[in-house]
Amino acid sequence: MVKITLISCGTEYSGIQKEIEKAANTFGAEIVLPEIDLDYINEASEKFGFSAQSSSLKLMIARAMSIVEGKTKADAVFIATCFRCAEGALVRNEVRKFIQKNTRIPVVTYSFTERTKADELFIRMEALTTTVARRSILAREKQEGLTLGIDSGSTTTKVVLMENNKVLGTGWTATKDIMESVDIAANEAFEGTGYKITDVDGIGTTGYGRLNIGKKLKAELIQEELSVNAKGAVYLAGHQKGEATVLDIGGMDNKVITVNNGIPDNFTMGGICAGASGRFLDMTARRLDVDITELGPLALKGDYKRAVLNSYCIVFGIQDLVTTLAAGGSKEDAAAAACHSVAEQVYEQQLQEIDIREPLIQVGGTSLISGLVQAVSDILGGINVVVPEYSQHIGAVGAALLVSGMGTRQDEK
């Protein structure tokens, strides 16, 4: 059983403790709390070099110290504090850095509210458990045999057919009826290859619809998108060795994952508003009366500073763009402002929660919007952003790669 060490403040008073344990138990993991005595708390605070005012935060620091010093054995670490507490946010981030600097243990941080439910913890716990339990699969560097990867996303469904480390075919369609969308994308991926689905050695599924699709297709791999996308990204970008950061700005939520030698070791996801997602850019393209594929080049010609966009809200953000256009502003400037707004929000909500390691690999459908890629680079001080081939199919590629390490269904026939 995977043992996840909980380092937290306020979880026992807010009701979130049971939700964390419920989410962990869903994946066969166990939440453990390091046992710390009073003398060690004071000693740990001095070593850590941060004098927290809250006794609970001091306990957090001591528990982190016990992991680093080997007094507590942990397969993974889950760090949680209340989003209302500024000191808690500071300690949460410093504790994360401390553990990552001194160990190779995967870490997840989480800022909770009083309304947090187990479903909101679901994917974080699944990814954390997967990183530990399937480490050998995640370390896989080559795809072998004939495998099919399916990524059932919130807005689009992607399918990739791979054979012996090469992409043979890809499929892409809007997500409507889950299985119907898979059929459409799969037919596109198989077209012209000479293969059919009964020929494949393994099927891997990821994304929102992974459980339902995996069950119906009897998939060998059903895995959350955080670890799958991370693997697909470093594989396609040629950065399976060393460190990297993966950024996926999705249709409904965003994911930022740090990777070391192909293994995810920290990630954050979510977002406060859809204004920080691909959905906002899709609405912007419609308002500007251009295809979404034209939005990126359009934005590169504009200057976001010449467009008024004062709201992060997806509704009021579009309203601001309408105001800009009505006042005589150009489509180019409006497109640039939309891309800059999304990049700025992703930075404030996700990128600041992790230590960015170069290269930064941007994936997902929004990685094809060149104006957004440039905006992300600008927000991060001109960092080089890598957009690999097949970046929009990243989850499907990762699933096809990972499932090739799980045996073949052809042996069972």
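Here are some questions and answers about a predicted model of a protein chain.

User: How many helices and strands are there in the protein chain?
Analyst: This is a predicted model, and both kinds of element turn up in it. The count for the protein chain is 16 helices and 14 strands.

User: What share of contacts in the protein chain join residues at least 24 apart?
Analyst: Start with burial: 56% of the 413 residues count as buried. Now take the contacts between residues at least 6 apart in sequence. The share of those that join residues at least 24 apart is 70%.

User: How far apart do the centres of the positive and negative side chains lie?
Analyst: The protein chain carries 42 positive and 52 negative side chains. The centres of the two sets lie apart by 2 Å.

User: Which residues of H10 are buried?
Analyst: H10 covers residues 225-237 and reaches 17 Å from its first C-alpha to its last, close to the expected 18 Å. The helix is mostly covered, with twelve of its 13 residues buried. Those are Glu225, Leu226, Ser227, Val228, Asn229, Ala230, Lys231, Gly232, Ala233, Val234, Tyr235 and Ala237.

User: Which elements do the buried residues of H4 pack against?
Analyst: Ten of the 14 residues of H4 are buried, so this helix is largely enclosed by the rest of the structure. Among the buried ones are Leu57, Met60, Ile61 and Met65. Their packing partners are strand E1 (2-9), helix H3 (38-48), strand E3 (76-82) and helix H5 (86-102).

User: How far apart are the end C-alpha atoms of H5?
Analyst: H5 has 17 residues, and at 1.5 Å a residue they should span 24 Å. Its buried residues include Val91, Val95, Phe98 and Ile99.

User: Is tyrosine 110 buried or exposed?
Analyst: Tyrosine 110 is found in strand E4 (residues 107-112). Its relative accessible area is 6%, and the cut-off for burial is under 20%. Tyrosine 110 is therefore buried.

User: How far apart in space are asparagine 212 and isoleucine 41?
Analyst: Asparagine 212 has its place in helix H9 (residues 210-217), and this residue is partly exposed with a relative accessible area of 36%. Asparagine 212 and isoleucine 41 are 171 residues apart in sequence. In space, C-alpha to C-alpha, they are apart by 47 Å.

User: Where is proline 359, and what is omega for the peptide bond from glutamate 358?
Analyst: Proline 359 sits in the loop between helix H14 (331-349) and strand E13 (360-363). The peptide bond from glutamate 358 to proline 359 is cis, with omega near 5°.

User: What is phi of asparagine 261?
Analyst: Asparagine 261 lies in the loop between strand E11 (254-260) and strand E12 (263-270). At 41% relative accessibility, asparagine 261 counts as partly exposed. Phi of asparagine 261 is positive, in a residue other than glycine, and near 55°.

User: What is phi of tyrosine 390?
Analyst: The loop between strand E14 (385-386) and helix H16 (394-403) holds tyrosine 390. Tyrosine 390 is partly exposed, with a relative accessible area of 28%. Phi is positive here too, in a residue other than glycine, and near 65°.

How values were computed: Residues numbered from 1 in each chain as written. Predicted model: local features only at pLDDT ≥ 70, side-chain atom pairs only at ≥ 80, totals over all residues. Heavy atoms only, no water. Helix = DSSP H or I, 4+ residues; strand = E, 2+ residues; numbered from the N terminus. Buried < 20%, exposed > 50% of the residue type's maximum accessible area, 1.4 Å probe, protein only. Contact = heavy atoms within 4.5 Å. Lys, Arg positive; Asp, Glu negative; His and termini not counted. Charge placed at Lys NZ, Arg CZ, Asp CG, Glu CD. Expected span 1.5 Å × (residues − 1).
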